[in-house]
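I opened my notebook for this one and went through it a piece at a time. Here is what I looked up, in the order I looked it up.

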Amino acid sequence: MKIPCPLCGARDSREFSYLGHAGLLDRPAPDAGDAAWDDYLHNRDNPAGVTEDLWSHDYGCAAWVVVTRNTATHGILSSRLAKDGAA
Amino acid sequence: MRVAGFGHAVDTAQPVSFTFDGKRFSGGQGDTLASALLANDVRLVGRSFKYHRARGIVTTGSEEPNALVTLTRGAAVTPNTRATMQPIYQDMAANSQNAWPSRAFDLLAANDLLSPFLGAGFYYKTFMWPQSFWEKVYEPLIRRAAGLGALDPTYDGTRFEKAYAHCDVLVIGAGPAGLMAAWTLGQAGLDVILADEHDTLGGRLLLESETINHTPGHIWAAEMAEKLHAMDTVRIMANTTVTGAYDQGDFGALQRNDAHLANPDATLPTETFWRIATRGAVLCAGAGERHIAFPDNDRPGVMLAGAVRGYLNKYGVAAGARVAVFANNDNAHQTALDLAAAGQAVTVLDSRSDAVAQGDYNLLAGAQVVGTSGRQGLRKITFTQNGQTRSMACDCLGISGGWNPMVHLTCHMNGRPTWDENLASFVPTPGSVPGMVVAGSAAGVMATGAVLADAVQVASDLARDLGASVQTPILPSTEDRPTGIKPLWEVRGHGRAWLDFQNDVTTKDVRLAAQENFRSVEHMKRYTTQGMAPDQGKLSNVLALSVLADATGRGIPETGTTTFRPPYAPVSIAALGAGGHGKGFAPERFTTSHAASVAANAPMIEAGFWYRPSYFPQPGERTWRDSCDREVAMVRGAVGVCDVSTLGKIDIQGPDAGAFLDLVYTGRFSTLKVGKVKYGLMLREDGFVLDDGTTARLGPQHFVMTTTTAAAGQVMRHLEFVHQCLRPDLDVSFASVTEHWAQFAVAGPKARNLLHLVVDGSVTDDIFPFMGCGAVSIGGVNARLFRISFSGEHAYELAVPARFGASLFDHLLRAAETLGGGPYGMEALNVLRIEKGFITHAEIDGRVTADDLGLARMVSGAKDCIGKTAAGRPGLVEDGRQQLVGLRPVGTVKKILAGAHLFNPGDDVHRTTDQGHITSACYSPSVGSSLALGFLKNGRARVGETVVMVEHLNGITATLEVCDPVFFDPDGGRMRG
């Protein structure tokens with residue numbers, strides 16, 4: 001399986017490590033409250049379809065990449081650099 | 001027997017001698033083991049799995065269910081080799097399987113007499129009670145009888161390899177469709193790999209007598225292969241089975257490199273497992289003939305009709321002296337025509353009453369075979385025609401129930417094939433594997449002319465999709481043979497009718513499954529084991545479905561199919577695991593002092609991929625404890641040197657470096673002065689401790705962070721995450737410099753004396769106070785000196801560029817010796833830190849908070865940091881959490897062991913009364929006692945209390961006193977002074 005790194009191009013998935021849903025980009029403010037932090041830390045949707053994940057290109061350029069993929073088809077639809085923020 | 005004038009693949013003028021079950025035979029160059037055995041009139045080749053029935057060769061290809069043999073070549077023993085795929089070589093030694101003492105007289109054939117009791121579900125029903133019998137009686141009994149072939153458990157040295165290939169299009173199968181598709185794609189300028197599991201390209205053309213462009217099909221195939229070889233755009237991989245279709249156009253393939261060689265080069269891999277990354281693929285896997293279920297249809301001599309003529313045409317072998325064919329389709333009549341051309345008289349029994357003879361042979365239309373006889377091989381068949389039952393002597397019966405498109409690979413990503421009423425077969429559902437298209441017989445196109453046209457069409461469409469321009473070739477002329485068929489699945493009668501030869505499944509088993517309400521095809525499969533043998537039911541699945549459909553009163557499409565999963569054909573585990581043996585198992589990371597440590601006889605232990613010295617034995621020391629105790633005393637009394645290069649080192653630079661560190665550490669680093677070092681604690685966002693270490697400020701915008709050895713990679717990824725994902729606005733960058741600097745701890749009361757022997761200039765408390773850092777020079781080499789201590793002694797860490805590491809280590813050791821010091825290893829390092837209550841990942845196990853460690857004061861209240869909010873969650877601050885404590889024995893104890901659990905004296909030892917556990921333990925020569933660190937419920941408030949340690953693995957209990965985790969020099973005077 002290949003993941004398109006915005007900097008390096010399509011690379012073998014074994015160069016990457018997976019973290020979790022791209023919602024991790026939206027870190028709540030320290031005073032956002034328990035519910036917001038509970039959501040951020042623990043609660044994840046499990047969609048059958050399109051979702052966004054965070055992958056780190058560890059054995060490449062070290063970029064954190066937001067990968068849009070389809071859990072139902074295993075299709076990888078697009079990717080962008082995490083540092084560019086939310087889509 | 002051999003037939004003169006036939007067999008284009010075999011050169012009988014070049015005899016090849018081999019043994020089968022110890023008996024010597026002779027074949028010709030180009031023979032497979034199967035064709036050579038048939039040429040020698042050997043029909044019984046093995047025993048079946050369950051009933052130990054006598055079995056013979058059925059097919060010419062990888063779908064062969066019966067002719068599995070064990071090959072012995074040098075030290076390598078390879079079971080389950082398909083005789084139909086294995087070329088013979090001089091002195092090849094093959095043995096039949098599943099038979100004892102011999103394949104002609106097999107004791108377990110008694111199972112066959114027990115068959116009324118051994119039907120589907122037998123094991124489930126029989127070996128249930130009494131429960132205690134399972135482990136001692138049933139399982140050993142079943143295991144002895146189970147399995148196909150036997151592996152030699154010793155490593156035989158055979159080499160395997162994994163390899164990677166990339167192409168625009170992978171063409172799977174080099175029959176007429178594959179050859180044509182590869183040619184079309186290659187002409188279009190696409191980078192093509194053509195893979196075929198046989199050694200010669202041509203597929204079915206090699207087995208048939210039909211012509212293309214008025215030349216024999218095998219010659220046309222050879223000419224095409226030559227053209228393809230000459231094309232720069234086409235790579236040909238023969239002897240390569242594409243075993244699986246995976247996401248994004250990736251395929252797995254197994255290449256057999258030397259199966260045909262008597263003396264393969266032992267330095268070269270015998271098999272290569274390929275991952276092939278493609279932009280597109282064309283499946284040209286052809287079709288496989290299926291048989292018909294009729295009573296006793298499994299005797300040696302009963303073969304597929306296509307295989308009977310295949311052995312004649314390709315290998316010049318007559319599979320029998322008196323041949324009959326039993327079929328429901330026109331294609332099978334070709335067997336009679338081909339055999340007639342070789343002078344053999346053949347009778348065709350066609351179940352269709354309107355069947356028409358295509359040439360000069362005896363046709364019995366509307367006839368069905370209802371039984372066979374012959375204990376070790378077919379002698380006679382019984383058949384019905386026009387209401388009459390007759391019998392006929394014959395030693396070979398070719399069966400054909402029609403042809404199944406080889407849809408396997410199209411199902412590997414959960415696609416389901418579609419039932420085609422006209423073909424009476426499943427055909428691939430388009431789009432089942434993204435990027436893969438299907439052409440030729442695999443797509444249900446059966447006549448050769450149509451196959452070639454389909455291949456050109458499909459390949460051209462794919463080429464255009466991939467942006468190539470296509471020149472349409474002129475299609476060769478073909479002789480198209482009739483393909484009429486009328487389904488016939490089963491002839492019911494007395495005796496068992498076999499479906500799955502490899503797993504010994506009969507029509508009766510399938511009916512029994514249906515009767516016991518295993519009506520779903522997936523349930524039937526598991527209950528009967530139909531299609532679960534290594535051949536995955538290539539011959540029998542469709543047949544079994546039809547029987548299940550009949551038994552449950554449904555149509556075949558409603559009954560559905562089971563799932564085909566990779567691999568298409570068996571793949572040896574050794575090929576999949578190639579490179580993972582011995583040294584290839586894991587990378588090794590060596591420090592610059594590795595060679596010197598090994599030379600000093602230090603046992604090296606693994607720390608992640610790193611190797612570090614456990615201890616440095618001296619003459620007269622008998623155990624590791626002797627050495628460890630001496631090294632600890634040496635550090636406490638004089639000076640010790642230890643390579644600490646494996647700790648992660650991260651260079652952090654930028655105007656916002658301080659602000660960034662404030663975010664990732666619990667403490668404040670932005671205010672740290674240049675030339676100072678600070679201990680930092682890093683949390684995960686969920687509030688638990690991630691890692692600890694020191695960070696030094698080398699300049700206003702320049703820090704260097706150390707991490708633990710274990711978490712170096714994780715911390716680096718974390719820093720990048722925090723920066724790129726949470727605070728990309730901060731102007732800061734990181735580089736891992738772990739490998740770039742060799743770093744040595746110099747610890748002990750004489751540490752400074754040692755530095756003065758090594759470092760240019762002097763090291764004073766003014767320039768290097770406790771937690772100070774800065775540049776020094778060693779013989780002109782720029783080095784970094786950090787006054788930090790993991791031992792509790794006056795200590796430094798000295799870092800030089802890695803290329804000077806070996807030299808500095810040597811230099812330090814020679815200087816240390818003059819001061820009564822020397823090197824120390826991991827064991828002493830661990831004792832030194834336990835004596836001081838310093839933590840490692842034994843304590844930071846992912847479940848502890850800063851407060852659990854007694855480090856709450858390190859979490860700055862004045863700023864946010866990663867994990868700070870979550871660390872304030874109720875569960876993480878509540879009363880009753882387990883806190884870090886020291887533990888020391890009360891009276892004499894045998895041993896304190898890490899991992900042991902703690903209980904209150906007098907309590908039952910039970911998980912509900914558990915008070916905590918021990919994380920680190922050692923004997924401390926400095927204190928003169930065993931010591932331990934551990935976590936204890938409300939531990940800090942319980943100093944002075946006693947607890948009981950219980951260790952079930954070794955059956956050790958001990959009474960311990962709770963104390964402060966700092967056992968030695970609690971005020972830190974030695975470290976600071």
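**Entry 1: the model and chain A**

A note to myself before starting: this is a predicted model. I began with chain A, which has one helix and six strands. Reading from the N terminus, I wrote down the order of its elements as β-β-β-α-β-β-β. I then looked at the extent of the C-alpha trace of chain A, and along its principal axes it spans about 40 × 30 × 20 Å. Chain A has 87 residues, and 22% of them count as buried. For contacts in chain A between residues at least 6 apart in sequence, I found that 50% join residues at least 24 apart.

**Entry 2: where the chains touch**

How many residues of chain B are in contact with chain A? I found 16 residues of chain B, and they meet 18 residues of chain A. Two elements of chain B, α18 (712-726) and α22 (868-871), are the ones that give two or more residues to this side. The largest share, six residues, comes from α18(B). Sorting the side of chain B that touches chain A by class, I got five nonpolar, three polar and eight charged residues.

**Entry 3: helix α6 of chain B**

Next I turned to α6(B), residues 217-230. This helix has 14 residues and reaches 20 Å from its first C-alpha to its last, close to the 20 Å expected at 1.5 Å a residue. I listed its buried residues as B:G217, B:H218, B:W220, B:A221, B:M224, B:A225 and B:L228. Why do they fall on the same side of α6(B)? They cover an arc of only 155 degrees around the axis, and that puts them on one side of the helix. A reminder I keep for such patterns: an α-helix has 3.6 residues a turn, so residues three or four places apart point the same way. On the other side of α6(B), I noted B:E226, B:H229 and B:A230 as exposed. I also checked what the buried residues of α6(B) pack against, and in chain B I found α5 (176-187), β9 (192-195), β10 (211-212), β11 (215-216) and β12 (234-237).

**Entry 4: α5 against α9**

Is the crossing left-handed or right-handed? I have it down as right-handed. From α5(B), the residues that meet α9(B) are B:P176, B:A177, B:M180, B:A181, B:T184 and B:L185. On the α9(B) side, I noted partners including B:V451, B:L452, B:A455, B:V458, B:A459 and B:A463. By class, this contact has 12 nonpolar, three polar and one charged residues.

**Entry 5: helix α8 of chain B**

In α8(B), residues 333-341, I found B:H333, B:Q334, B:T335, B:A336, B:D338 and B:L339 to be buried. What covers them includes α7 (305-315), β18 (323-327), β19 (346-350) and β24 (396-400) of chain B. Just after α8(B), I marked B:G343, which takes a positive phi of about 85 degrees.

**Entry 6: backbone details**

I keep in mind that most residues other than glycine have a negative phi, and most peptide bonds are trans. I looked for departures from that pattern. B:N80 has phi near 60 degrees, a positive value in a residue other than glycine. B:N80 is in strand β6 of chain B, and with 17 C-beta neighbours inside 10 Å it counts as partly exposed. I placed B:D969 in the loop between β49 (956-963) and α24 (973-976) of chain B. B:D969 is partly exposed, with 17 other C-beta atoms within 10 Å. Finally, I found a cis peptide bond joining B:P566 and B:P567, with omega about -5 degrees. B:P567 is in the loop between α13 (556-559) and α14 (573-576) of chain B.

Technical notes. Residues are numbered from 1 along each chain as its sequence is written. Chains are lettered from A and ligands numbered from 1 in the order in which they are written. This is a predicted model: local features need pLDDT of at least 70, side-chain atom pairs count only at pLDDT 80 or more; totals for chains, interfaces and linings use all residues. Helices (H or I, at least four residues) and strands (E, at least two) are DSSP runs, numbered from the N terminus. The expected span of a helix is 1.5 Å times one less than its number of residues. A residue is buried if 20 or more other C-beta atoms lie within 10 Å of its own, exposed if 12 or fewer, and partly exposed in between; C-beta atoms are placed from the backbone. The arc is that of the directions from the helix axis to the C-beta atoms. Two residues are in contact if their C-beta atoms, placed from the backbone, lie within 7 Å. Ala, Val, Leu, Ile, Met, Phe, Trp, Tyr, Cys and Pro count as nonpolar, Asp, Glu, Lys and Arg as charged, and the others, Gly among them, as polar. A crossing is left-handed if the near helix is turned anticlockwise from the far one by less than a right angle, and right-handed if clockwise.
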